[in-house]
Amino acid sequence: MNLSIRHWLAERQIEISHIKSFTLGQLAGVSYRIVQDMEVKSLMPLDICTLAELLQLPLDKVEQEAKIIASLTEHLLNSLSQKKALKRNEGTWLTFQIAYILALEQVLHQEDDLQKPWLNRARIPSQTVTILQDTQLQGLLKTLSPGKLTDTQAEQALSVVGDSLLVQQMNNATVAWLVANGAEEFEAKLLTQRLQHSLPGYLLTVIAKNAAPLAQLQKFFHLGSLGEISTIDLSKEKYRASLIQSLSTPLLIESFALKDIYIPLMGVPQAANHSQPVDLKTWVTQQLTDLESITVIESEPGYGKTSFCQIWAAEIAWELYPDWMPIVIRLRDIKYGKNLLETLNSGFAFPIDFNLAAWLNKEHSRCVLLLDGLDELPPTNLVSRHKEIFLEQLLQFQSELKHKVVLTSRRETLSEISSEISLQWQRITILPWEVNELKNWFQQWALVQSLPVAQNFFTFLKQSGCFNNPSKLPEISHLVRQPLMLYLLGILHRDGLLDHELLQLAVKNPENSHQSLIGEIYRRLNLWLLGYPLDGNIKTTLYRPGSAHIHRTSEAIANLLAAHHPQDLITQMQAIALKILHSDRHQVIIPEGLNAHTLPAFYFRCFTSKIEFSHPKLGNYLFAGALAQQLQILTQCQEDIYGVATFILNTPHQVAQHLYHLLGYGILTPEITELLIADFQHQPKSDFSQKTLFQRLASCWHDWYQGRWLDMGIAHNVLPNFHTLQNPVNVEQVNTNVGVNIFLLMAAISQKIATPFYPCGNPVNLTEFHPQAMLTLITKASLLPNNIVMNCICPQSLTKINLKGANLSQVVLTGANFAQADLSYAILVNANLAHANLTGANLTCTNLTGANLTGVNLETVNLSNACLSDAILTESEREIAALNGALFSVEQFQEMKGLLSQQSHFSVSKTTDNTSVWQHNSADIALMESLEGEPIVSTISGNYSYDE
């Protein structure tokens, strides 16, 4: 005979929906009366099977009643234990039901947030169906009710949880219930697998909350032993449990979780005695014994730093506790306090009021502080010092030798920090995946998709030569060795959006292969998600029976759009993206009136009051799209009543205002700039011209370096907009940000459309030529945080640039990429160009006196009449420079300059040799004279031509 709680409540006309408002005392009263009836009917705890009761109901009823039934079962557990101590199998039976119901409720809530199509089928209204009449489901429920759990089976369940007979029976019934409600069988198994991932966390919570009646179960969950109940810190156990429960979180919008396709990472320790790859988890676990240094995990975005933290924290909570207690803090969430503990406490995401310092100061309690994202620390008014100060506080904390700090960061972030601090790190760099990791990933992909889907994807990449050494498609090979990008490519391939045409982008345009390829991948992902804009070249996929959940169906798209046009959703996404960008943080407060749940979970993740991107790389794509849309406004025209077309933003002041609002927040990263240019490529030429945009930016740029916009107060006017978003920039920073960003955009556009870029103005027109302009930009940019000159300007923006006649004396541009740049007649006296790339550069008549040219390859550099007096370079490079026409004394350089000056006045020789230094047109001579302080000949024209 079984006890049906729902039937018992119905007999007494107690509505389950009303129990939500019951106090704890009322719930205890209900459970007491149920126990009394059980005694009268000689029922045992094993006769209670609330999970089986729930799984007889349709989805809507389960969603309404799950938490109530779980809570009532928990009160029954306590009431029964007060009458008589529970046997281990009885306590296990009730505990697993409570935990399983809570885990199921969590998965259903997650599916609802993702608007999964199977829910549409499950929620079809029915006034007659109260009990599901599925034969298979009813048969499986009979294995759970009444309970037949022996003590041996109970011990097995407590020891191995998910692999136990009890949990397998529960899983089988849950799969059948999901199928009966409209889910596909394979989909139901994935959802149940997610539930199983979180089940140990819910078991831990139930046992910790009910420590006295469940004393026999504590040792299986590292909760102490009999007689030590008072030592249980409930808040700590709940947090520990939450780390395990988070393993059920779906991966973006999938039916499976991260854990289902997670592959252990490999890394290379940055130490003199280490050069071989090691297993990342093994190495970091070994570091727990080193309490004198901070362990740092480094990689580029998308290599798995945050995923590792999530998986490892759950493993520590389950396997290494109580020796170690994991504490995960996302550094993007912190607010700077008076001290380190106050700062860390502000970022500790746990929905109860407590003080982290209390945990850390406890005796005999060692914690692993997993601090994720040093590069994501919020900005402060201290400009570039906030990271250094934070790290110094961390080192002081670590020196107390009580706890272990593990930090994650982008590779370049620590290199920007003082070398004095770096001696106290133990650093490891995550490696791209190799053969073993790829093999394991495809095996996991087959388990969460299907064997044909995984095999077809693998075959496609293999036949394309992505796995060859050397690879036929190095750009694609680089991407497939990154966990995130391989997953995104897998999404595209399973729905027919990854084809050879996309792969050939890297072959057709080798100079911009990465830019074109990444831009097209993200564009197709957007098409996959929204079904818009339609592309006639995209192939459709025929879904196999039972595998619709794998693919992005029209039903899933309709659920997301909710009868709105896709462009409306794109506009909304871009508006949020701009807010996040302008905050210069990784999250913003949800704008008033916005229903954040209408935004795609593929791109966005919402919290109680804040919204952020699901991953920074996906955020970069939305940043680029939002910026591209705003920049295109500069090229848009309107006609007046007479049919005369003018720009919508027609005056220089309007353009400047728009750009200061758009670009004053901070500095465009190289990734965003690449995606931005790629976005421009997909705009119809009839609607948008990159050349027009370049010209409009150039006009604003030339006024910027003369200080016009700063004088007019535009930076002051836009400042409140950024401060509202908690971006602490000041006026000077806003002004510098705009100048640097315009420069970066112009450099990128000029390279794409092959148009000359003169940052100082064209020296042909000396009245508009400002030789100090580039130096002004570099000087201002050097005051910004994150080493903007080295990280953003030097790597790409100086390629093919025209700095003819520019004054760059004493500038520091180590490692700068000046490939094919024109630096003729420039002044680079005492400049530091160590390890710069000058391949194909023109340095004709350039003054490099005292310049540092260490590590510079001069073989392909035009050094005709360039002055290298006192320049720092090797003897071999000096010989090469001499062969390329360089001069090594100031006297020779001055003499040559004088001859050129005479040539400008008196030369009438005729020649077709355009490379002869002695036959440069007179504009170059005038330019040199003006730069060297000599009078400019007013009669010189910049457009001489010579007759044969």
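**View 1. Helices H31 and H33 pack at an angle of about 85 degrees.** In this predicted model, H31 covers residues 652–663 and H33 covers residues 690–704. The axes of the two helices lie 10 Å apart. Because angles of 65 to 115 degrees count as roughly perpendicular, H31 is roughly perpendicular to H33. On the H31 side, the contact is made by Val-655, Ala-656, Leu-659 and Tyr-660. H33 contributes Arg-696, Leu-697, Cys-700 and Trp-704. Sorted by class, the residues of this contact are seven nonpolar, no polar and one charged.

**View 2. Helices H21 and H22 pack with their axes 7 Å apart.** H21 spans residues 435–448, and H22 spans residues 451–463. The angle between the two helices is about 145 degrees. The crossing of H21 past H22 is right-handed. From H21, the residues in the contact are Trp-441, Phe-442, Trp-445 and Ala-446. They meet Leu-451, Val-453, Ala-454, Phe-457, Phe-458 and Leu-461 of H22. The contact of H21 with H22 holds 10 nonpolar residues, with no polar and no charged ones.

**View 3. Strands E8, E10 and E9 form an open antiparallel sheet.** The sheet has three strands, in the order E8-E10-E9. Strand E8 (587–589) and strand E9 (604–606) are the edge strands, and each pairs on one side only. On average, neighbouring strands of the sheet are turned by 25 degrees against each other, with direction ignored. Strand E10 takes in residues 610–613 and is joined to E8 by three bridges. E8 and E10 run antiparallel. Gln-587 has Glu-612 in E10 as its bridge partner. In general, the strands of a sheet pair through backbone hydrogen bonds, in either a parallel or an antiparallel way.

**View 4. Lys-116 sits in the loop between helices H6 and H7.** Helix H6 runs over residues 88–113, and helix H7 over residues 117–122. The relative accessibility of Lys-116 is 7%. Since buried means under 20% relative accessible area, Lys-116 counts as buried.

Notes. Residues numbered from 1 in each chain as written. Predicted model: local features only at pLDDT ≥ 70, side-chain atom pairs only at ≥ 80, totals over all residues. Heavy atoms only, no water. Axes fitted to C-alpha atoms, helices over the stretch in contact; angles between N-to-C directions. Helix = DSSP H or I, 4+ residues; strand = E, 2+ residues; numbered from the N terminus. Left-handed = near helix turned anticlockwise from the far one by under 90°. Contact = heavy atoms within 4.5 Å. Nonpolar A, V, L, I, M, F, W, Y, C, P; charged D, E, K, R; others polar. Parallel < 35°, antiparallel > 145°, perpendicular 65-115°, else oblique. Pairing = 2+ DSSP bridges. Buried < 20%, exposed > 50% of the residue type's maximum accessible area, 1.4 Å probe, protein only.
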